[in-house]
Amino acid sequence: MKKIPEFQLRNGVKVPAIGLGTFLTENGEVAARCVKDAVESGYRSIDTAMIYKNEEGIGTGIRECGIPREQLYITTKLWNDSHGYDNTLRAFEASLKRLGLEYLDQYLMHWPGLEEESYLPTWKAFERLYEEKLIRVIGVCNFTKPIMKNLLNHCNTAPFVNQIEIHPMFQPNDLIAFCQAEKIQVEAWRPIVWGRLDKEPIVKAAEKYNKSLVQITLRWHYQRNVRTVPKTTHKERMEENFNIFDFELTDDEMAAMKELNTFVRTGESPDEFFETKDF
Ligand SMILES: NC(=O)c1ccc[n+]([C@@H]2O[C@H](COP(=O)([O-])OP(=O)(O)OC[C@H]3O[C@@H](n4cnc5c(N)ncnc54)[C@H](OP(=O)(O)O)[C@@H]3O)[C@@H](O)[C@H]2O)c1
């Protein structure tokens with residue numbers, strides 16, 4: 001079985017360059033089966049969230065996958081309705097319980113909220129859970145550069161991770177460079193834009209390397225030191241999605257991919273979105 005390469009975070013924790021995303025993966029048997037298929041294929045990292053409502057099924061998969069817990073890297077996220085110091089501590093406990101775990105590898109704040117009164121006390125609770133060694137890696141999602149700068153000015157422990165929307169058609173390059181300079185690992189969500197990647201430079205590279213459009217795109221992220229969590233419920237696609245470590249895009253091919261940026265998100269903008277209910 002091929003081993004997925006790892007990125008090393010600022011605190012020394014090593015994290016697989018590719019994990020399995022689970023947004024819209026059905027709870028129960030489907031989620032459990034996906035974890036087991038993923039682990040059997042070689043994945044060691046799973047990305048879920050409270051709001052995906054599949055933590056129980058993911059937890060079942062973790063217990064049944066046959067791999068010791070300490071070899072897995074499990075991420076879940078705090079939903080917007082649980083911001084605030086005490087709420088965060090309670091929401092963390094509840095996620096752990098649903099997953100059936102005693103600690104988390106990575107806990108992310110799903111959205112910053114529209115004011116610092118939202119994310120600063122929340123982050124204090126993240127820091128406490130990290131100090132208590134209940135979480136190995138604390139991080140955020142959807143933090144823009146100004147929000148991240150403000151958090152960095154107020155925190156004791158800076159986030160180790162920022163998970164943001166990135167794909168060839170939406171490349172927040174300034175934010176990526178800022179996070180990388182601060183030694184905050186960048187993770188891409190929606191890394192393959194649902195497989196809608198039929199663009200000339202991607203097609204050309206796919207033909208040259210005999211790879212799929214998705215593989216070219218995931219390789220492009222990897223060469224930018226961006227961790228990805230592509231989602232699929234299909235085992236053959238799980239295997240396809242990490243079979244990207246036997247070729248390398250040239251500088252010209254990387255530059256051609258940069259030209260695909262349309263600066264248009266597929267998801268919500270962190271400057272406007274703070275839904276506390278289901279979406
Ligand atoms: N932090 C955040 O705010 C945030 C927001 C969104 C997502 N996320 C995380 O990021 C993960 C990835 O994002 P995403 O799920 O929105 O989008 P994505 O991973 O870019 O795309 C997933 C879609 O692509 C399809 N797919 C997967 N592999 C494929 C392949 N090899 N060929 C063709 N199609 C393929 C999947 O279909 P099948 O399942 O049918 O194979 C699914 O419909 C999520 O699952 C979640 O864990 C985080």
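User: Is Thr 157 buried or exposed?
Analyst: This is a predicted model, where local features need pLDDT of at least 70, side-chain atom pairs count only at pLDDT 80 or more, and totals for chains, interfaces and linings use all residues. Residues are numbered from 1 along each chain as its sequence is written, and side-chain values use heavy atoms, with hydrogens and water left out. Buried means under 20% relative accessible area, exposed over 50%, and partly exposed in between (1.4 Å probe, protein chains only). Thr 157 comes in at 16% relative accessibility, so it counts as buried.

User: Where is Thr 157 found?
Analyst: Helices (H or I, at least four residues) and strands (E, at least two) are DSSP runs, numbered from the N terminus. Thr 157 belongs to the loop between helix 5 (145-154) and strand 8 (161-165).

User: Which residues is Thr 157 in contact with, leaving aside neighbours within four places in sequence?
Analyst: Contact here means heavy atoms within 4.5 Å. With those sequence neighbours set aside, Thr 157 touches Trp 123, Glu 127, Tyr 130 and Ile 138.

User: What about Leu 96: buried or exposed?
Analyst: Leu 96 has its place in helix 3 (residues 85-99). Its relative accessible area is 7%, so Leu 96 is buried.

User: And Glu 40, buried or exposed?
Analyst: Glu 40 is part of helix 1 (residues 29-41). Its relative accessibility is 53%, so Glu 40 counts as exposed.

User: How far apart in space are Glu 40 and Ile 67, C-alpha to C-alpha?
Analyst: Along the sequence, Glu 40 and Ile 67 are 27 residues apart. In space, their C-alpha atoms are separated by 9.2 Å.

User: On to the ligand: how far is its nitrogen atom from an N or O atom in the side chain of Gln 163?
Analyst: Gln 163 is listed among the closest of the 26 residues that surround the ligand, counting a residue as near if one of its heavy atoms lies within 4 Å. From a nitrogen atom of the ligand to an N or O atom in the Gln 163 side chain, the distance is 2.7 Å.

User: How much of the ligand's accessible area does the protein cover?
Analyst: An oxygen atom of the ligand lies 2.8 Å from a polar side-chain atom of Lys 231. Accessible areas come from the Shrake-Rupley method with a 1.4 Å probe; for residues, only the protein chains shown count as cover. On its own the ligand has 910 Å² of accessible area, and the protein covers 89%.

Notes:
Polar contact = N/O pair within 3.5 Å; in protein donor to acceptor, adjacent residues only side chain to side chain.
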